[in-house]
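Dear colleague,

I am handing over the structure below, and after it you will find my notes on what came out of the analysis. Please read them alongside the coordinates.

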Amino acid sequence: MERNETAIEVNNITKHFKVYPDKGAQLKERLLFRKRSRFEIREVLKGISFDVKKGEAVGLIGHNGCGKSTTLKLLTRIMYPDSGTIAMHGRVSSLIELGAGFHPDMSGRENIYTNAAIFGLTKKEIDARLNDIVEFSELREFIDNPVRTYSSGMYMRLAFSVAINVDADILLIDEILAVGDTNFQTKCFNRLRELKASGITIIIVTHDLSTIEKFCDRAIWLNDGLIVKEGRSPEVVDAYFNFMNHKRIEADMAKQEEKAAEEAAVPEEVPESPAEETEEKPAEEDNGGIDYSANRFGLKYIEITKARMIGDSGKDGRIFRAGEKVTIEMDYKVNTPLDEYIFGFGFYTLEGECLYGNNTQLDRMTVKTDKTSGTVAVDVLGLPLLAGKYVLNVAVVDNNGTPMDFYRNYCDFEVVSDDRSTGYFSIPHNWRITK
Amino acid sequence: MDTVKELYAYRQMIFSLVKKDLRGRYKGSVLGFLWTFINPLFQLIVYTMVFKFILKTSIERYYLYLFVALIPWIFFSSAITVGAASVVAQKDLVKKIYFPRMVIPISYVTSCFVNMLLCFIVVFAVVIFTGVGVNFLALLTLPVIMVVEYILALGMALLTSAVTVYFRDLEHILGIVSMAWMYMTPIMYDKSIVPDRFLPIFNINPMTHVIECYRSVLYSKEIPDLTSLLSALSLGVLFLLIGCLVFNKLQRHFAEEL
């Protein structure tokens, strides 16, 4: 088998669907509501072209509704493109819908025959493969029981075993690897690797980017019915990953702005409510009265009235890109003046584990003020956190460390990052092979 | 021609669908497969009563006269009515997996055909036990007639099954059409009593020829009229071609319409 032969040629295909808000397929409805059966046209594919060589594994990625599943359906010929051409060289098998045509009352063995027949195998061909299929499914003892007695895992195992033993030249796979337990999944993957090594062309559609990276030589990223990027899978996956991160930030920003606008429309209500709550209990004004387990505690000689996290956008936000410069601003109000104040902040995990904490004293900075209110800011020059959700903690204490206003859980914030390391912090590093 | 080649490759699927349909049809009913015979037998009894004892037809051995026409007719009418709904009935398959779509109407028509063949066991039993006997030379043409009818039924089923996907009312309309068609075909009466001005309609009806051929082989024990057979065949082929063309054109959007 020539490695350079083309297995799939897709040439400028387009596809649109008619979306009827209210479809009447009956004569009466068609006649009576002629005007109503107006439809919108949704263009799902707007002209995509790609070639796949024999023996290549190609992954299609993109967010929901980008057209990747439609592309796969066009490749299997369940649907046809409106324009453009698709040429498939060789027998096509699809792992799109496993267990098509399974009949619950028939035995596993009979269902193998029915199901394999749907893939276009003749009786003789199925006979020859029956053993492999049964072996692969690990269902030998149950093979003559009706399929309705199978567990869903067994059912999928049987279905997958049939599909993968069809001996196709081109294998189309849509989100398969939710089949069976981990062992069986590994087995499936190994089998797919074998198939790939034997020169079978494989196209995979999945949301699991690591599958694509591990398994595919090439990836094609679709967005809005067009190919955005195509090339070696790690590069495409990275580009897609970045894009999705940006998109998420934008979406969250928009949400936040909306929220902020809402809050602005209803002035003087929600934002400072924690402060008001505690102010209603002024009885605990002495040292012994501090409840250290509370979310907010302290003597209130000085209070933090509001804290802000300001990223590159210049606005108070709760979602940041790793490496972004983030300024934490704390507005304070002095009730009883003290000689000196110590301001601090900390990053915590959602579980309450401290990741990082710092204050003005640790940094050998003295804060003295005779103003009754003001703002202290700290710049985090490049946010070094990995992707995830974190908790911001702000505090002001006196120079003995007695808490004046300690916000254990001021707010949650989210970090998006392209760094896929594990843990919490991004550490600049470089891999080399030294010997 | 590619279609034919592909259908040949999927022959196992046709077999297995036919098998599934035949096995599944009377599943759960007490009499099970016997219904295949009981149904036409009761139709036969009812029509015989009406035509023999009430309308007092002069046709000899009317039960046989009717029986040899009724069984092929039941095949044809169920092929178009049940066949029409076939693609819609298998929409889960159509939407989810590729196979030549024609496999579906072909298997439905074939399963109806197998049913007819089984009924013919009863026909032969009647023919032999009542002492009517058979003409073996004429009998040799029987498979040809059956094939002609199969082609005709398949052509109709392809056409109706494809159109039904887009226009679901057709399934119900066909119930009426098939009843009208039955009375427009000389099944319960003889073509000779049809007034001349209606004859063209009867002649253009391919089932007229098919039924007459069956009748000459099994009732009159004669070799059927060749022109009759040929006109049925040519009409059948025409239907099949139209059916294939329409089906192929319409099947491209099945997955979206279902």
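Is B:Phe42 buried or exposed? With a relative accessible area of 52%, B:Phe42 is exposed, where buried means under 20% relative accessible area, exposed over 50% and partly exposed in between, with a 1.4 Å probe and protein chains only.

Before going further, please note that this is a predicted model, in which local features need pLDDT of at least 70 and side-chain atom pairs count only at pLDDT 80 or more, while totals for chains, interfaces and linings use all residues. Residues are numbered from 1 along each chain as its sequence is written, chains are lettered from A and ligands numbered from 1 in the order in which they are written, and side-chain values use heavy atoms, with hydrogens and water left out.

B:Phe42 is found in helix α3 of chain B, residues 35–54 (helices, H or I of at least four residues, and strands, E of at least two, are DSSP runs numbered from the N terminus).

Turning to the interface, the contact (heavy atoms within 4.5 Å) takes 34 residues from chain A and 28 residues from chain B. The area buried between the two chains is about 2600 Å², of which carbon and sulfur atoms give 57%; buried area is the accessible area, with a 1.4 Å probe, that two parts lose on being put together, summed over both.

Between chain B and chain A the count is two salt bridges, a salt bridge being a side-chain nitrogen of Lys or Arg within 4 Å of a carboxyl oxygen of Asp or Glu. A:Lys15 counts as buried at 1% relative accessibility, whereas B:Glu256 is partly exposed, with a relative accessible area of 26%. A:Lys15, A:Asp82 and B:Glu256 are linked in a network of salt bridges.

Over all chains, a search of the whole structure finds 22 salt bridges. One of them joins the side chains of A:Asp405 and A:Arg296 at 2.6 Å, N to O; A:Asp405 lies in strand β18 (residues 403–416) and A:Arg296 in strand β10 (residues 296–297), both of chain A, so the pair ties together parts that are 109 residues apart in sequence. Both A:Asp405 and A:Arg296 are buried.
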